[in-house]
Amino acid sequence: MLYFPKWLVTLILAICLAGVALTIPNLFAQQTVERWPGFLPKKQVSLGLDLRGGSYLLYEVDMRSVLTERLNNILDGLRDGFRTARIGYTGLAAEGDHVAFTLREPERIEEARAIVKKLDPDLDMTAGAAGAVTLKFNDVALQRVEQQIVDQSIEIVRRRIDETGTKEPTIQREGADRIVLELPGVEDPEFVKRILGKTAKMTFQLVDENAATADKSHLPPGDEVLPLKDGHSPPGAMIVVQKRVMVSGDTLTDAQATFDQYGAPAVNFKFDTVGARRFGDTTKSNVGKRFAIVLDNAVISAPVIREAILGGQGIITGSFTSESANELALQLRAGALPAPLVALEERTVGPDLGADSIHAGALASIVAVILVVAFMLVFYGLFGFFADIALMFNLCLMIASLSLLGATLTLPGIAGIALTLGMAVDANVLIYERIREELRGGRSLISSLQAGFERAFGTIFDSHLTTLVAGFLMFFLGSGPVKGFAVTLSIGVITSLFSAILITRLQIVSWLRRTKPKAIPI
Amino acid sequence: MFHPVVIIRRIPGIDFMGLHRLGFALSALLTLGSIVLFLVQGLNYGIDFSGGTLIEVRTPGPADLARMRGTLDGLGLGEVSLQGFGGPDDVLIRVARQPGDDKAQMQAVAKVKAALPPELDYRRTEVVGPKVGGELIQAGVIATVLALVAIALYVWLRFEWPFGVGAMLSTLHDTITTVGLFSLLQIEFNLTTLAAILTIAGYSVNDTVVIYDRMRETLRKYKTMDFRALINKSLNETLSRTILTVSTVALAVLSLLIFGGEVLRGFSIAMLWGIVVGTYSSLFIAAPILYYIRPRRASRAKEGEAPPAETQRVS
């Protein structure tokens with residue numbers, strides 16, 4: 001135990017040195033560190049939002065609405081298909097996650113099955129008694145769709161956030177259908193929330209002037225009634241439009257906020273070539289009629305087509321303020337979200353509070369270090385001093401590990417550091433108490449030291465491991481602040497094992513060699 | 001160079017086993033009391049778990065709580081509570097969970113912000129929807145249960161099953177009474193408190209393991225020693241270490257409690273209690289319980305350490 005091979009001494013010293021070197025960048029401002037020459041370590045501990053200030057937003061992708069939309073499309077498709085094939089049915093409706101209907105002639109089930117298969121191969125068809133049929137998406141298809149929708153949503157969210165000019169945003173998937181946004185420096189996430197609050201699905205559809213809006217039950221097939229929110233019509237106004245989409249918003253290449261000829265805020269848009277041609281063709285053959293600009297299932301403008309619009313660009317006027325025009329332009333540029341996002345959680349910390357927290361956390365940690373250091377000096381004298389040196393290296397190693405791992409330091413994380421500093425000397429206490437005991441038991445100096453380190457090791461190992469178990473559980477099951485705490489706690493436990501056992505021992509051994517004492521001051 | 005202060009020069013002869021019935025009774029009382037408190041009074045759940053809205057604002061001058069309360073009560077958002085937080089110009093506004101879905105929570109914040117004067121500094125805004133709150137409770141309970149089981153399993157593997165049972169019971173006692181303390185004082189119970197409880201579970205068993213380790217050693221050394229005396233001996237021999245370690249951790253936690261700010265207060269209180277009660281339970285529950293469920297004294301060879309002296313002599 002008291003024999004240290006050269007390589008081990010070198011290794012211990014190298015680790016200590018590396019710990020100190022990797023800690024140093026954290027003592028300087030980020031800008032200063034960036035100017036350092038390339039060979040110096042530059043990684044710093046990244047601060048959590050609770051310390052640097054910023055917004056954390058948790059969204060859920062609303063898969064239900066996607067499912068409902070798809071089911072509704074299937075309803076339309078079935079109606080068409082059954083009409084052409086002259087298959088009689090009753091009670092065709094979407095219910096929750098499935099479509100149900102009843103065949104008038106149950107024996108034609110195979111014909112119906114063929115139509116369904118052609119419509120959407122992902123549908124599972126179950127035939128009940130007396131022609132009752134239910135259609136459901138199979139789980140594999142649902143999962144694939146979910147994966148796709150969430151991936152797409154993350155991409156669109158990223159584009160929208162980038163458009164807002166937020167620096168260093170983190171956008172990540174969490175679980176199956178959630179998206180986490182971390183926006184450092186964003187003090188008021190209202191704008192971000194508004195930007196993400198709409199899917200911004202835009203389509204251009206023709207208005208059906210012949211259908212009366214009041215009479216919903218006698219709607220011509222292929223038409224739908226939508227609320228009209230163009231800023232001039234009374235609230236609650238409705239308008240009938242054709243379901244067929246002339247041109248959809250995903251053919252837009254650009255959108256900008258602008259002003260119309262009366263100086264009212266408006267949104268300018270440009271189609272790509274495909275969209276421009278389609279828009280040109282449709283407007284050419286529908287001069288004098290109205291078309292509807294549909295945004296998220298509401299008609300925001302329904303202008304009369306005065307002449308064919310061939311240039312591939314247009315302007316939306318209506319009930320915009322300059323802010324809402326800006327927002328819509330941004331959303332159109334970034335693209336439509338495939339599904340609505342529901343905000344589940346929002347946490348925003350202002351920069352002042354963050355700075356206060358860093359202050360409080362640092363102060364508490366420093367006081368904790370001073371108290372523990374003083375305590376060890378008082379109760380163990382010179383050996384306490386050795387433990388204190390080890391404690392300092394332990395602190396450096398913790399900070400170095402956090403920097404290396406790119407872990408995020410949160411306020412509970414700082415608490416974890418302070419706490420592990422208190423716990424770290426436990427290993428020293430165990431060893432020293434054991435040495436005292438062995439000395440009392442009449443052993444010689446060297447053999448007492450030997451026995452102290454040897455016997456205490458098992459105990460130290462066991463007692464540290466249980467804390468590590470709790471740390472790992474917190475990391476895997478906890479969220480946000482708890483995770484931050486778990487990281488520092490676990491790292492602290494591991495580094496303190498190293499420092500308390502190896503660094504302390506190395507000091508004691510070299511002290512023994514240097515001074516060859518007759519008694520030890522313990 | 002330095003002269004260390006030795007608090008315990010000679011191994012004391014405290015009769016812990018003589019006090020163990022008293023300890024058991026006290027612990028039973030504390031545990032039962034905590035359970036009753038939890039069931040009757042419940043916990044003051046922070047918004048992490050209950051869902052709802054929390055806004056911390058700093059007013060330019062000393063805050064006029066009454067006026068702010070009047071303004072916010074008129075919004076029809078249900079229960080709105082205001083309290084000072086740290087300094088006189090810091091106010092913590094808590095809006096109860098809104099009926100309806102997650103969207104309703106977000107709208108409540110907008111309403112509050114619109115109603116309050118514009119010169120306020122919003123230091124912190126937290127909105128947790130009902131969905132996430134429910135999940136966090138679930139994850140928290142699972143984590144705590146798993147921690148207890150994992151610790152018991154570990155101790156069982158490293159020692160023998162009676163030790164595992166003892167460690168689990170004393171750790172359970174520590175976590176339950178910590179929850180009881182939070183119920184009694186109605187301190188906000190949030191995610192950081194949960195982290196504290198898990199840490200307590202890990203830490204309190206630390207003490208227990210040290211004592212068990214010593215008991216195992218003593219069991220090997222003194223094969224015929226009366227069990228009661230054996231427990232007492234082990235506890236007394238480790239007492240100095242117990243006191244010193246508890247002190248260093250307590251020092252760290254105390255500085256967190258005093259200087260760590262409002263946000264960490266709940267955490268620090270939980271930790272402080274956990275350290276004290278964890279030490280107590282190691283001495284008065286974990287150790288004496290082995291008097292009743294005794295580990296076998298003849299099975300030391302399988303521990304993977306040096307075989308007993310007799311066998312060595314034979315070979």
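Before you click, residues are numbered from 1 along each chain as its sequence is written, and chains are lettered from A, with ligands numbered from 1, in the order in which they are written. Because the model is predicted, local features need pLDDT of at least 70 and side-chain atom pairs count only at pLDDT 80 or more, while totals for chains, interfaces and linings use all residues.

**Stop 1: where the chains touch**

Show chains A and B together. Here 64 residues of chain B are in contact with 67 residues of chain A (contact: C-beta atoms, placed from the backbone, within 7 Å). On the chain B side, α4 (102-115), β5 (121-128), α5 (130-158), α7, α8 (227-259) and α9 (265-286) each supply at least two residues. Helices (H or I, at least four residues) and strands (E, at least two) are DSSP runs, numbered from the N terminus. That side of chain B has 38 nonpolar, 14 polar and 12 charged residues. Ala, Val, Leu, Ile, Met, Phe, Trp, Tyr, Cys and Pro count as nonpolar, Asp, Glu, Lys and Arg as charged, and the others, Gly among them, as polar.

**Stop 2: two helices**

Select α13 (480-515) of chain A and α7 (191-221) of chain B. They pack at about 35°, with axes 8 Å apart (axes are lines fitted to C-alpha atoms, for helices over the stretch in contact, and angles run from 0 to 180 degrees between N-to-C directions). Now colour the contact residues, including A:Phe485 and A:Leu489 of α13(A) and B:Leu194 and B:Ala195 of α7(B). This contact has 7 nonpolar, 3 polar and no charged residues.

**Stop 3: a strand pair between chains**

Next, select β17 (341-349) of chain A with β5(B). The two pair in the antiparallel sense over 5 bridges (strands pair if DSSP finds at least two bridges between them). Look for A:Val349, which stands opposite B:Arg124.

**Stop 4: a sheet in chain A**

Which order do the strands of the open sheet have? Selecting its 5 strands shows β10-β11-β9-β14-β15, with antiparallel pairing. β10 (223-227) and β15 (298-301) stand at the edges with a single partner strand each, so one side of each has no neighbour in the sheet. Zoom in on β14 (291-295) and β15(A), joined by 3 bridges, and find A:Leu295 opposite A:Ala298.

Note on methods:
Two residues are in contact if their C-beta atoms, placed from the backbone, lie within 7 Å.
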